[in-house]
Amino acid sequence: MLRTIALLLLYLLPSAAFALCEGQDLIDAMSAEDRAALQADADAMPYPEGIYWQAKRGDQTITMFGTYHFRHEQTDSHLALIKPRIDQADAVYLEMSNEETALLEAQVATDPSLMFITEGPTLPDLLGEENWARLRSEMGERGYPAFLVAKMKPIWAAMLLGIGPCETRNAVAGAEGIDRLIGTYAETQGTPSRSLENGAFIFEILDSDPIEKQVGFINVWINVPLDGDDMSFTMRQRYLDEEVALIWQYSTKLALKFGGPTAVEDMAKFEDVLLRKRNQAWVDLLLKREEKEIFAAFGAAHLPGTFGVLYLLEQEGYEITRQSVPQ
């Protein structure tokens, strides 16, 4: 979903050249004590590591691949790894199918109110001079002009802040992430991707709070005094090392530390809407399916934890087995 929201706005920007995104691993830069505490929190979560899994119950197998939504150095090798599972799948699921993504893109193109403030105060008024200057600078590094940023609904601006400037520019250059590539490949094999959720409905849920309330979501990230490319590099490298729970714990730590007085409330809302409710809805959908071989790809953050897809399936009697991902 994050990838879709980002790309819907990225398509409004001029094209740019693809670049290798580099940076510093911010977790490595932590003190040994802080790093150990962070690792302990991650290890306490069910299924803390791994991006490729199988869940089996009776004669049904659900193969799951946790994705990193933007292109990286192992995107092609990951796709090659999972192609055989896609080939034999009776059904292929993405967060949003390629077809539904295209329909949502068309809807946004004809109804700007889905993503932009069309009446009332805009972000310069809502944020105040200091935070507006910070947001304008951060979004400028990602290629978004100030006049466009000023009219974005706060929830979408906040989500875009979670994408590093380099990855943003690469997406503008047309560097497709694995989610879209999986959908394209599945269609060539005669099993067009299906949606785990209705994208328009998720838009409505995320945008349900008043504009003034949504400003708190920007504050979660706007005051983090770390380089955006370093944050993306850290997340991407830890993803490639399959340390999924560690990524979540680190992101939560930053948000709570720098998100201001409403950070706990804001993070709880993000977690509830973006993970807990969606994960349960996806599992409920999969439990209704009668296909023997199901392949599902979705953001890796949905895998670990007591509210993660893997643990929820385990509670329904599925045997969960981690699959190898060659480095």
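Just after helix 10, G190 adopts a positive phi of about 85°. Helices here are DSSP runs of H or I with at least four residues, strands are runs of E with at least two, and both are numbered from the N terminus. The structure is a predicted model, in which local features need pLDDT of at least 70 and side-chain atom pairs count only at pLDDT 80 or more, while totals for chains, interfaces and linings use all residues. Residues are numbered from 1 along each chain as its sequence is written, and side-chain values use heavy atoms, with hydrogens and water left out.

Helix 10 itself spans residues 178-188 and is largely enclosed by the rest of the structure, because eight of its eleven residues are buried. Buried means under 20% relative accessible area, exposed means over 50%, and partly exposed lies in between, using a 1.4 Å probe and protein chains only. The buried residues of helix 10 are I178, D179, R180, L181, I182, G183, Y185 and A186.

A covalent link comes next. A disulfide is taken as a pair of cysteine sulfur atoms within 2.5 Å, and by this rule the count comes to one. The partners are C21 and C166, with their sulfur atoms 2.1 Å apart. C21 sits in the loop between helix 1 (2-10) and helix 2 (32-43), whereas C166 belongs to helix 9 (residues 165-172), so the pair ties together parts that are 145 residues apart in sequence. The link of C21 and C166 is left-handed, with -90° about the S-S bond. Both C21 and C166 are buried.

Attention now turns to the strands, where two strands pair if DSSP finds at least two bridges between them. Strand 1 (residues 52-57) and strand 2 (residues 60-67) run antiparallel and are joined by six bridges. Within this pairing, Y52 has F65 of strand 2 as its bridge partner. The hairpin of strand 1 and strand 2 has two residues between the strands, and G58 takes a positive phi near 60° there. Strand 1 also runs antiparallel to strand 6 (residues 319-322), with four bridges joining them.

Finally, E197 is found in the loop between strand 4 (194-195) and helix 11 (199-206). E197 counts as buried because its relative accessibility is 10%. The side chain of E197 makes a polar contact with the side chain of R278, at 2.5 Å. A polar contact is a pair of N or O atoms within 3.5 Å; within protein, one must be able to donate a hydrogen and the other to accept it, and residues adjacent in sequence count only if both atoms are side-chain atoms.
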